[in-house]
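Please work through each task with the model at hand before reading its solution.

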Amino acid sequence: MEVGVARPVSLVGHGLTRDSEAMHYLRRKRPPVLMGFNPKIQLLHVEDFVSAIVALCAPGTRGPFNISGPPPASLHSVLDALGARPIPVPRLLLDSVVDRLWSLRASRVRPEELDFLQYSCIVSDAALRKATDYRPSFGLLDTIAAVNAAY
């Protein structure tokens with residue numbers, strides 16, 4: 001038996017059974033952002049994810065593989081491309097609000113997820129590309145546009 005472990009970055013696009021956390025956040029017209037921070041983020045079109053999974057099914061492909069799409073982009077540039085108007089909020093204030101909402105089960109966002117609005121977390125899919133013929137088909141603008149894809 002050969003086992004491949006797929007570790008995708010944030011998925012966006014039509015056909016997901018439910019919104020990814022990234023889509024839920026990026027679809028907001030007035031998303032909160034952490035004051036003074038503009039991390040790089042990575043998005044993956046759901047169709048590129050399917051292509052990567054198909055590539056991972058090839059005989060002899062085993063192990064953990066990161067799956068990413070187009071090059072990373074700054075959070076603010078992605079929000080700008082989506083027509084959003086971010087609301088800058090101090091981290092301490094957002095921490096307390098999210099913590100309270102999470103404890104009341106009134107939010108899907110866990111307090112520790114705020115780190116993704118503050119720090120960049122970039123992964124490489126070089127191992128996947130070396131082991132398979134996977135290459136993302138969707139560029140950055142098409143991947144961003146998939147955030148608002150109709151269901």
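The model is predicted: local features need pLDDT of at least 70, side-chain atom pairs count only at pLDDT 80 or more, and totals for chains, interfaces and linings use all residues. Residues are numbered from 1 along each chain as its sequence is written, and side-chain values use heavy atoms, with hydrogens and water left out.

**Exercise 1. The aromatic pair**

Task: Identify the aromatic pair in the structure, classify its geometry and locate its two members.

Solution. 

Step 1. Rings of Phe, Tyr and Trp (its six-membered ring) pair if their centres lie within 6.5 Å; planes under 30 degrees apart count as stacked, over 60 as edge-to-face and the rest as tilted. The structure contains one aromatic pair. Its members are phenylalanine 37 and tyrosine 119, with 6.5 Å from centre to centre and 65 degrees between the planes, which is an edge-to-face arrangement.

Step 2. Helices (H or I, at least four residues) and strands (E, at least two) are DSSP runs, numbered from the N terminus. Phenylalanine 37 sits in the loop between strand E3 (32-34) and strand E4 (40-41), and tyrosine 119 in the loop between helix H5 (115-118) and helix H6 (126-131), so the pair links distant parts of the chain. The two residues are 82 residues apart in sequence, yet 7.7 Å apart in space from C-alpha to C-alpha.

Step 3. Buried means under 20% relative accessible area, exposed over 50%, and partly exposed in between (1.4 Å probe, protein chains only). Phenylalanine 37 is partly exposed because its relative accessibility is 31%. Tyrosine 119 is likewise partly exposed, at 48%.

Step 4. Contact means heavy atoms within 4.5 Å. Neighbours within four places in sequence aside, phenylalanine 37 is in contact with His76, Leu117 and Gln118.

**Exercise 2. Threonine 61 and the buried side of H2**

Task: Determine whether threonine 61 is buried or exposed, and list what covers the buried residues of H2.

Solution. 

Step 1. Threonine 61 is located in the loop between helix H2 (46-56) and strand E6 (63-67). Its relative accessibility is 7%, and therefore threonine 61 counts as buried.

Step 2. A polar atom of the threonine 61 side chain lies 3.2 Å from the backbone oxygen of alanine 58. Apart from neighbours within four places in sequence, threonine 61 is in contact with Glu2, Ala55, Leu56, Ala131 and Thr132.

Step 3. Ala55 and Leu56 are also among the buried residues of H2, together with Val46, Asp48, Phe49 and Ala52. The cover over these buried residues includes E1, strand E2 (10-12), strand E5 (43-45), E6 and H6.

**Exercise 3. Histidine 45**

Task: State where histidine 45 lies and which residues are in contact with it.

Solution. 

Step 1. Histidine 45 belongs to strand E5. Histidine 45 counts as buried because its relative accessibility is 7%.

Step 2. With neighbours within four places in sequence left aside, the contacts of histidine 45 are Val12, Phe138, Asp142, Thr143 and Ala146.

**Exercise 4. Salt bridges**

Task: State how many salt bridges the structure holds, then examine those of arginine 91 and arginine 110.

Solution. 

Step 1. A salt bridge is a side-chain nitrogen of Lys or Arg within 4 Å of a carboxyl oxygen of Asp or Glu. A search of the whole structure finds five.

Step 2. Arginine 91 and aspartate 95 form one of them, at 2.9 Å from N to O. Both residues lie in helix H4 (residues 91-103), four residues apart, or about one turn of the helix. An α-helix has 3.6 residues a turn, so residues three or four places apart point the same way.

Step 3. Aspartate 95 is partly exposed because its relative accessible area is 26%; arginine 91 is partly exposed at 22%. Arg91, Asp95 and Asp115 are linked in a network of salt bridges.

Step 4. Arginine 110 forms a salt bridge with glutamate 112, the closest N and O atoms being 2.9 Å apart. The side chain of arginine 110 also meets that of glutamate 113 in a salt bridge, at 3.7 Å from N to O.

Step 5. Arginine 110 is partly exposed at 36% relative accessibility, as is glutamate 112 at 45%. Glutamate 113, by contrast, is buried because its relative accessible area is 17%.

Key:
Polar contact = N/O pair within 3.5 Å; in protein donor to acceptor, adjacent residues only side chain to side chain.
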